[in-house]
Amino acid sequence: MFCKLAKSFTTNEIVENKEKKQSGSAEARKTTIYLNVYDISPINKYLYWLGLGIYHSGIQVHGMEYGYGAHEYPTSGVFEVEPQNCPGFVFRRSMSLGTTEMSRVEFRGFLEDLSESYHGDTYHLIFKNCNHFTDDLCKRLTGKQIPRWVNRLAKLGSFCSCILPDSIKVNAVGDLTTQPPLSDGDEMEILASLEAESCLEELDHQLLSTPPNSEMTPPRVMNSAKDTDKI
């Protein structure tokens, strides 16, 4: 009987060790997904603490950051840059959104397919902007949305046009990096509109520690196979 118990115990150890190895292997395959948020306007120093702001965002995965921007052509507006170094914007913070088990190659193929839905000439500041792209990408990868405050001003603007001053509205394609600066009157208009918003939820703005910025490199547009045929 003793021999049988000893044998059973040894078998259980083997099973446990196998499960641990499988679990460790699965964890090793997971890659953390980060949302990197940038200030577009200096007025964010007022809006941030109210749960609002005018932001650009990008998704960082496998050592690169991916965003969406406008141009005049019916080809991909999805681009890649060094993490936390998107040209034209001021980096504010980074936050972990979850993980993915996609390999680098699998993710690239997935992103090229997704880029077919995000052409540069379909960009719209209110209805289809960079934050809509990162939210869509995050939901597809993790099943979660990005924090609401990142794109709340655009959503408010879609219901109440007075929230966004004329100087930052666009009717078609517009490059965020070339938007005219806000005037003092525009800032007062936004702040006055915000005072009327009494239903904003409490948000957690605790800054997360992030790796130091790497050297900036120009963004590279992600082209799908269909876009390549057009060029």
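# Getting to know this predicted model

Q: Which residues does T122 touch, not counting residues up to four places away in sequence?
A: Contact here means heavy atoms within 4.5 Å. Leaving out residues up to four places away in sequence, the residues that T122 touches are Y68 and K128.

Q: What kind of model is this?
A: Residues are numbered from 1 along each chain as its sequence is written, and side-chain values use heavy atoms, with hydrogens and water left out. Local features need pLDDT of at least 70, side-chain atom pairs count only at pLDDT 80 or more, and totals for chains, interfaces and linings use all residues, since this model is predicted.

Q: How many helices and strands does the protein chain have?
A: Helices (H or I, at least four residues) and strands (E, at least two) are DSSP runs, numbered from the N terminus. Along the sequence they follow the pattern α-β-α-β-β-β-β-α-α-α-α-β-α. The chain's count is 7 helices and 6 strands.

Q: What share of the residues in the protein chain is buried?
A: A residue is buried under 20% relative accessible area, exposed over 50% and partly exposed in between (1.4 Å probe, protein chains only). Of the 231 residues in the protein chain, the buried share is 42%.

Q: Where is T122, and is it buried, exposed or partly exposed?
A: T122 sits in the loop between α3 and α4. Its relative accessibility is 36%, so T122 counts as partly exposed.

Q: How far apart are the C-alpha atoms of T122 and T75?
A: T75 belongs to another loop, the one between β3 (64–68) and β4 (78–81). T75 counts as buried because its relative accessibility is 15%. Along the chain T75 and T122 are 47 residues apart, but their C-alpha atoms are separated by 9.4 Å.

Q: What is the C-alpha to C-alpha distance between T75 and E116?
A: In sequence, these two residues are 41 residues apart. In space, T75 and E116 are separated, C-alpha to C-alpha, by 7.6 Å.

Q: Which residues of α3 are buried, and which on the other side are exposed?
A: In helix α3 (residues 104–114), the buried residues are F107, F110, L111 and L114. Seen down the axis of α3, these fall within an arc of 95° (taken from the directions from the helix axis to the C-beta atoms), so they line one face of the helix. The exposed residues on the other side of α3 are V105 and D113.

Q: What covers the buried residues of α3?
A: Both strands and a helix take part in the cover. It includes β2 (55–61), β3, β4 and α4 (130–142).

Q: At roughly what angle do the axes of α3 and α4 cross?
A: Two packed helices are described by the angle between their axes and the distance between the axes. Axes are lines fitted to C-alpha atoms, for helices over the stretch in contact, and angles run from 0 to 180 degrees between N-to-C directions. The axes of α3 and α4 come within 12 Å, and they cross at roughly 135°.

Q: What is the word for how α3 lies relative to α4?
A: Angles under 35 degrees count as roughly parallel, over 145 as roughly antiparallel, 65 to 115 as roughly perpendicular and the rest as oblique. The axes of α3 and α4 cross at roughly 135°. That makes α3, relative to α4, oblique.

Q: Which residues is D135 in contact with, leaving aside its neighbours within four places in sequence?
A: D135 is found in helix α4, and with a relative accessible area of 15% it is buried. Leaving aside neighbours within four places in sequence, D135 is in contact with K144, Q145 and I146.

Q: What is the phi of Q84?
A: Most residues other than glycine have a negative phi. Q84 lies in the loop between β4 and β5 (90–100) and is buried, with a relative accessible area of 3%. Although Q84 is not a glycine, its phi is positive, at about 65°.
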